[in-house]
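Look at the aromatic rings in the structure below and at the residues that surround them.

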Amino acid sequence: MLNLQHLEQLIVFSQEGTLSKAAEILLISQPSLTRNMQMLEDELGVTLFERRKNKLSFTETGHQTVKLTKKISETKTKISR
């Protein structure tokens with residue numbers, strides 16, 4: 001089952017640019033955020049990130065997932081008003 005919290009964390013990571021900054025804002029540890037992003041990839045069955053030594057960047061699929069997640073989040077906010 002898709003974890004919506006992981007999608008929200010994905011948005012924060014995309015806004016902050018680094019896992020350490022995103023983890024700080026989310027008030028969780030960086031290793032926890034890393035695990036959550038790996039779990040999100042597993043849940044979706046796609047590769048969202050290119051992993052290099054000390055660097056995590058979005059794949060094209062990752063960029064598209066962030067865009068879609070933001071649209072869903074905006075829609076959810078409008079509906080709940």
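The structure holds 3 aromatic pairs. Rings of Phe, Tyr and Trp (its six-membered ring) count as a pair if their centres lie within 6.5 Å; planes under 30 degrees apart are stacked, over 60 edge-to-face, and the rest tilted. This is a predicted model: local features need pLDDT of at least 70, side-chain atom pairs count only at pLDDT 80 or more, and totals for chains, interfaces and linings use all residues. Residues are numbered from 1 along each chain as its sequence is written, and side-chain values use heavy atoms, with hydrogens and water left out.

Phe-13 lies in helix α1 (residues 4-16) and Phe-58 in strand β2 (residues 55-58), so the pair ties together parts that are 45 residues apart in sequence. Helices (H or I, at least four residues) and strands (E, at least two) are DSSP runs, numbered from the N terminus.

Phe-58 also forms a tilted pair with Phe-49, at 5.3 Å centre to centre and 40° between the planes. Phe-13, Phe-49 and Phe-58 form one aromatic cluster.

Buried means under 20% relative accessible area, exposed over 50%, and partly exposed in between (1.4 Å probe, protein chains only).

The largest nonpolar core has 15 residues, and Phe-13 and Phe-49 are among those with the most contacts inside it. Such a core is a set of buried Ala, Val, Leu, Ile, Met, Phe, Trp, Tyr and Cys residues joined through side-chain atoms within 4.5 Å. Its largest share, 4 residues, comes from α1.
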